[in-house]
Structures are given as C-alpha cells and as structure tokens.
Amino acid sequence: MRIAVLDDDPLLLEQIKGTLECHQHVCHTFADGTSLLQALRNDTFDLLIVDWHLPDMEGTDVVQTVRNTHGMQPPILFITRRSDERDVVEALSRGADDFMSKPLRMGELVARATALLRRAFPQSMGARLEFGVYRFDAEQRTLHIQGQAIGLKHREYELALFLFRNAGRLLSRSHLREAVWSDATDTPSRSLDTHMSRLRSKLQLTEANGYTITAVYGVGYRLDAVSLPQKSETTAPATEPLPERSDLQPQLATS
C-alpha cells in the first residue's frame, strides 16, 4: 500500500520508511505540513502517518484540513510524544483514526498501520478476484468477462486487477504507476494513458457490464461500479475517449 509519513525528525522518517518498505509498502516522507498538503492536491495515498509538532503548523491542523477536503479521506495514524488522555481525545476528535505515543515501537506501528488499511480498504487487502461479471485468475493471470477469456498483457492484467480492487477510489497517476510499474518517476505519463485506453476497450468498461472508468483532470483515474441496467434496456458500447473531469479534482485548503 502507499503511505505518506509526516515528521520533522529525519532519522525517525528513515526508520519508519525502512520498516514499512520491509513490509511491502511504498513510503513517501514529508518534513513539514505544507509539503504534504501540496502533494495531496494532485496525489493520493492509502494511509497518512502524521506527527503532532511540525515546523510550520500543528499536525492536528493537517489532519483537520485533510478531513475537511471532499474526497480525501484516507485513514490517519497520529504519532506524538504526548500521551495524556486529553491529547488522545483531541487527536481523534480532529479526525485521526488511531494514536501512538513516542518513542515508537516499529512492530506495533506496522500492526496498527495494517489494521487501519484492512478496515479502510478490505477489498484491496483481501484476495477477492471476482467483481460482478469480471473474474480474475491469479494462477493463469487471465481475466474472464461473463465466462469469456480476455487476452491481457502483464501490465494490463496488473493494472486491471489494481483498479478493480480499488473501485470507487480516485487514484493519482503516481499511485497507479508505482503500483503497476514500481517506479513512478521512470514511467512516462503517456504509457499509463495508453494502457488505460486499451483496458477500457478490452474490458468493455461500460454501464452494461457494471463498471465505468473516468479520467480526473490533473489527478488520475477512478473505476466506478454502477447499477446494471434492466434486461429490457440496451446500452450501446461507449467508444469516445476517456473524459477529463475537471469538476472532480480535489481542492485542499491550506491552513
């Protein structure tokens, strides 16, 4: 999963990053609240780990800004040297999902992060491979639509499965490239767009099959489950290019 860690202690940041990456997570670090909030304008994460005291603002202000932003609701783990009950209450009331006191125990950190991710994204963390008329075969790395096998290349299969396991979530371009290509910086943006266009055609992503895909301007893509039409209705397959939806772009207010 993709995790953002916010703390002004560079040694602790490296320790958390190393620990999380040993458990197969992708970790991005930030030293101040402003840089994280700026990143969230055009990027997405599965979990935020936020320190209380920061150089430019309080961690509680970062949490509240994220919670007040429509469409940006990742689970948040708060970390701080404070341990009084009133501090825990304040952090949770401002929008944190869990609270840990420093010094951190890395094993506990991983366990709490995993628990938050499992609750927030059970589909992504689970082994489910069937989504309506779509059935993935992990052993053969194939996809069937209504029982008919669809030929997919390696990257196409990985991207399709990742999208379905995250249906309903807006995923940034960097998030998608890291999940499928491993290194977002070395993957041209046009390669992602090309793969998305091919998947939309190969997977017949239309309302008739229960899923549609939308390109969100300046951010990324979102796969959505839709209600299947009644049997008496007929839905023509969509062939137009992916729409760019500027109205869906999340806006973060700086605190």
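The model is predicted, so local features need pLDDT of at least 70 and side-chain atom pairs count only at pLDDT 80 or more, while totals for chains, interfaces and linings use all residues. Residues are numbered from 1 along each chain as its sequence is written, and side-chain values use heavy atoms, with hydrogens and water left out.

**Strands and sheet**

Strands (E, at least two residues) and helices (H or I, at least four) are DSSP runs numbered from the N terminus. In a regular strand the side chains alternate between the two faces of the sheet. The partner of β11 is strand β12 (residues 220-225), paired in the antiparallel sense over 6 bridges; two strands pair if DSSP finds at least two bridges between them. Ile213 stands opposite Leu223 in β12. The hairpin of β11 and β12 has 3 residues between the strands, and Gly218 there takes a positive phi near 80 degrees.

An open sheet of 4 strands runs in the order β6-β7-β8-β9 with antiparallel pairing. Its edge strands, β6 (130-131) and β9 (148-150), each pair on one side only. Between β6 and β7 there are 2 bridges in the antiparallel sense, and Glu130 stands opposite Arg135 in β7.

**Aromatic residues**

The whole structure holds 10 aromatic pairs. Rings of Phe, Tyr and Trp (its six-membered ring) pair if their centres lie within 6.5 Å; planes under 30 degrees apart count as stacked, over 60 as edge-to-face and the rest as tilted. Two of the pairs involve Phe136 and are listed here.

| Pair | Type | Centre to centre | Angle between planes |
|---|---|---|---|
| Phe131 and Phe136 | edge-to-face | 6.0 Å | 85 degrees |
| Phe136 and Phe164 | edge-to-face | 5.6 Å | 65 degrees |

Phe131 and Phe136 are both buried. Phe136 counts as buried because its relative accessible area is 3%; Phe164 counts as buried because its relative accessibility is 1%. Ring pairs join Phe131, Tyr134, Phe136, Tyr157, Phe164 and Tyr211 into a cluster.

The charged end of Arg169 sits over the ring of Phe121, 3.9 Å from its centre. That label requires NZ of Lys or CZ of Arg within 6 Å of the ring centre and within 35 degrees of the ring normal.

Asp51 lies in strand β3 (residues 47-51) and counts as buried because its relative accessibility is 5%. An unreviewed UniProt entry annotates Asp51 as "modified residue: 4-aspartylphosphate"; such annotations may be inferred rather than shown by experiment. Not counting residues up to four places away in sequence, Asp51 touches Leu6, Asp7, Asp8, Gly59, Phe78, Ile79, Thr80 and Lys102, where contact means heavy atoms within 4.5 Å.

Glu178, in helix α8 (residues 173-181), counts as buried because its relative accessibility is 13%. A polar contact of 2.7 Å joins the side chains of Glu178 and His28. A polar contact is a pair of N or O atoms within 3.5 Å; within protein, one must be able to donate a hydrogen and the other to accept it, and residues adjacent in sequence count only if both atoms are side-chain atoms.

Technical notes:
Buried means under 20% relative accessible area, exposed over 50%, partly exposed in between (1.4 Å probe, protein chains only).
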